[in-house]
Amino acid sequence: MSRGASSLPESLSRHFVPFALVALAAVPGLRGDLVFMACLLAVAGLSVYFTRRRMQQIRAAGELKERLDRQLIQAQKLASIGELSSGIAHEINNPLAVIAREVEWVQSILKDEDLSERKSLDDIEDSLREINRQVDRCQEITYKLLDFARKQEPLLQSLNVNALMEDMVKLVEKVTTKKKVRFVRDYREDLPLLHTDGPLLRQVFLNLLNNAVYAVEDQGTVAVATRLEDDGRVTVTVSDDGCGIPPENLNRVFDPFFTTKPQGKGTGLGLSLCHGIVSKLGGTLSAASRTGEGATFTVRLPLEQGASSP
Amino acid sequence: MDALRALVVDDEEDFLETIVKRMQRRKVDVQGVESGEAALRALEACPWDVVVLDIKMPGMDGIETLREIKKRSPTVEVILLTGHGSIESGMQGMRLGAFDYVIKPPDLDELLEKMAQARERKMLHEKRIEEGLS
């Protein structure tokens, strides 16, 4: 902003030129009235010129505010269209910090200038204060989103559970080349659509199938079935005819870090994660087994997520 | 509803070309890229609904790419593709937030249906976030 630079030529022009013209009027031979008119026009013209420049400066300040506002709104839009990991949240805070610094900078420049139009200055200051308020609000939003992101609620869609399970069975089937494992399906026909979280359920089924295949050793059968219970809930079972789970382990099978696999082969987290997921989906996961007789894992889910909440 | 915007990521040129062409014929607004790095650049350039991502790629593999996608554009849904599957990477991918996992070569109708479901999930996700802000 070149306010300082323009005020000197401005004041000179405003005062000097008219004087020059008045002085000219004193020159004999020149028509005084015409010189007087010329003088008035000159003063008017200069006023218009310098007022226009002043307006441009105010407009520039207004445009700066608009640009900052747009950046802010864009930042808010970005914040609202994605869940923020803390990395993204910090990224939004960085431009906000820059905006805040810009605001301070503009404020200090304006403080130094001797602007004679007090009202427009006040307006600019108000705008800048508003920008600051929005900046504070953006920071509030990012903090709120960071908090929000931690609460992971399932996203519910109407899904065909038979199809979902079949996809996972096909996948595991294709990949199980090392053993002779037979996959048996028994899907309930016309099973109603389940209002649930697809990816989460897929994780559970994949985990159960993986465990079943592992339990079977060299050869055997993994059976999956879906049922509609009398209480309106859907039951999905994954069974194997492997070595089974001894009674002392049966209660611990959903404990985090509990595993009977050799070191490095399993984290022991799979079933505890599954249990957590199924609970989040409003259902239950249970295990039944007898040593030497294989195991059956049962997932029970309500058709509507809220249906079975106490 | 606008055409679904899909990004297909696969280092196998022939497969990529074929699947992109077939999707285009089905009115999908689709682009194909050959690496994880290229996928991330494309994501930065414009908005996408669904990414169909090959797990086994040289350089930046599918899992790493998935991780980055979920970090930068958390609502974009990812469907994992594999030719030589291993349950572990599929499960890992699901844990990292992949929407689904299909075996190559995928049945196009099935894949398109999954992509539609994935986009629906993205919209639910975005709606929930907006509601959280009000």
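**View 1. Helix α1 of chain B in the predicted model.** Helix α1 of chain B runs over residues 13-25 and thus holds 13 residues, and the distance from its first C-alpha to its last is 18 Å, close to the 18 Å expected at 1.5 Å a residue.

**View 2. The buried and exposed residues of α1(B).** The buried residues in α1(B) are F15(B), L16(B), I19(B), V20(B) and M23(B). Because these buried residues fall within an arc of 120 degrees when α1(B) is seen down its axis, they line one face of the helix. D14(B) and R25(B), in contrast, are exposed and lie on the other side of α1(B).

**View 3. T226(A) in strand β4 of chain A.** T226(A) has its place in strand β4, which spans residues 219-228 of chain A. T226(A) has a relative accessibility of 0% and therefore counts as buried, the cut-off for that term being under 20%.

**View 4. Polar contacts and neighbours of T226(A).** The side chain of T226(A) makes a polar contact, at 2.8 Å, with the side chain of N162(A), while a polar atom of the T226(A) side chain also lies 2.8 Å from the backbone nitrogen of R188(A). When residues up to four places away in sequence are not counted, T226(A) touches V161(A), N162(A), D186(A), Y187(A), R188(A), L191(A), T235(A) and V236(A).

Technical notes
Residues numbered from 1 in each chain as written. Chains lettered and ligands numbered in written order. Predicted model: local features only at pLDDT ≥ 70, side-chain atom pairs only at ≥ 80, totals over all residues. Heavy atoms only, no water. Helix = DSSP H or I, 4+ residues; strand = E, 2+ residues; numbered from the N terminus. Expected span 1.5 Å × (residues − 1). Buried < 20%, exposed > 50% of the residue type's maximum accessible area, 1.4 Å probe, protein only. Arc of directions from axis to C-beta. Polar contact = N/O pair within 3.5 Å; in protein donor to acceptor, adjacent residues only side chain to side chain. Contact = heavy atoms within 4.5 Å.
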